[in-house]
Amino acid sequence: MSGKDQAAGLISEVSDIRETRNIQWKRNLSADAPLRWLSLGWKDLWITPIPSLLYGALVCVASIVFIGYMFSTGRDYFLFPALSGFLIVGPIIASGLYLKSRNLELGEPFSFSTMVSVRPKAGAQVFFTGMLLVMLILLWMRAAVLVYALFFGLQPFPGLDQIATMLLTTPTGWAMLFVGGFVGSLFAGFAFAISVFSIPMLLDRQIDAFTAMGISTTMVWNNLRVTITWGAIVLAMFLACLATGLLGLIVIFPWLGHATWHAYREMR
């Protein structure tokens with residue numbers, strides 16, 4: 001790349017950052033906004049549905065393979081933190097779905113190959129954000145092990161067939177659920193705030209990761225009731241996926257991905 005091209009790219013990036021910071025992001029959205037996002041996301045899903053469903057199937061298969069790997073290597077004690085971690089990295093995994101919704105909005109073509117090889121306008125800034133989210137997952141998994149050790153000491157993990165009995169029929173188990181849930185909610189809340197709108201923004205605009213994460217956090221705070229409702233909907237639909245043995249991801253994951261794009265767009 002020539003010096004002129006680099007200079008032009010830098011000027012464009014600075015201009016985009018300034019424009020993004022000067023946008024008057026919306027406050028106090030109406031309570032029915034999450035239902036509107038779901039409706040628009042459902043519509044996007046069924047416009048040329050094959051790429052979206054293939055995307056969901058790919059996420060489903062990858063998730064099942066990853067869980068199978070944990071069981072085959074005796075790391076099933078990481079299952080619950082790993083499932084929580086999926087919600088943390090979900091926004092970045094859904095980048096290709098944002099691309100489809102954006103292109104539908106702009107009247108531009110898209111395909112499954114362009115969705116899985118999406119190139120965000122922010123470039124490597126998305127990679128940086130993804131690394132931060134992965135580090136949060138690893139930290140949460142380590143914290144989960146420490147919480148377990150705090151209440152059960154060096155007692156080996158009993159396995160999934162006995163863990164429910166141990167947690168739900170003993171005072172120590174209930175205490176661990178309370179503390180673990182509190183610690184996990186802190187991780188989840190922070191990750192949700194910095195990622196829910198920053199990842200679509202990094203796809204859409206040429207800005208840096210810290211600016212995007214800061215704006216995302218501000219957008220969540222300024223629309224707290226609506227975004228809490230949205231987070232609860234995402235959690236409920238993810239639990240529905242678990243109830244179907246993750247097969248529900250084939251439809252629900254692309255549905256939520258498209259809906260998240262419309263949530264980001266409505267914040268402007």
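The model is predicted, so local features need pLDDT of at least 70 and side-chain atom pairs count only at pLDDT 80 or more, while totals for chains, interfaces and linings use all residues. Residues are numbered from 1 along each chain as its sequence is written, and side-chain values use heavy atoms, with hydrogens and water left out.

Helix α3 (residues 49-72) packs with helix α4 (residues 79-93) at an angle of about 155°, their axes 12 Å apart. That makes the two roughly antiparallel (the term for angles over 145 degrees), and their crossing is right-handed. On the α3 side, the contact (heavy atoms within 4.5 Å) is made by Tyr55, Val59, Ser63, Phe66, Ile67, Met70 and Phe71, and α4 brings Leu79, Ala82, Leu83, Phe86 and Ile93. By type, that gives 11 nonpolar residues, one polar and no charged.

Turning to the cores (sets of buried Ala, Val, Leu, Ile, Met, Phe, Trp, Tyr and Cys residues joined through side-chain atoms within 4.5 Å), the largest has 64 residues, and Trp37, Phe197, Met201, Trp230, Leu249 and Phe253 touch the most other members. A second, separate core has seven residues, including Tyr148, Phe152, Ile163 and Leu167. Not counting residues up to four places away in sequence, Trp37 touches Leu29, Val226, Trp230, Ala259, His262, Ala263, Glu266 and Met267.

Thr260 sits in helix α13 (residues 249-266). With a relative accessible area of 9%, Thr260 is buried (under 20% with a 1.4 Å probe, protein chains only). Neighbours within four places in sequence aside, Thr260 contacts Tyr98, Val196, Pro200 and Trp230.

Notes
Axes are lines fitted to C-alpha atoms, for helices over the stretch in contact, and angles run from 0 to 180 degrees between N-to-C directions. Helices (H or I, at least four residues) and strands (E, at least two) are DSSP runs, numbered from the N terminus. Angles under 35 degrees count as roughly parallel, over 145 as roughly antiparallel, 65 to 115 as roughly perpendicular and the rest as oblique. A crossing is left-handed if the near helix is turned anticlockwise from the far one by less than a right angle, and right-handed if clockwise. Ala, Val, Leu, Ile, Met, Phe, Trp, Tyr, Cys and Pro count as nonpolar, Asp, Glu, Lys and Arg as charged, and the others, Gly among them, as polar. Buried means under 20% relative accessible area, exposed over 50%, partly exposed in between (1.4 Å probe, protein chains only).
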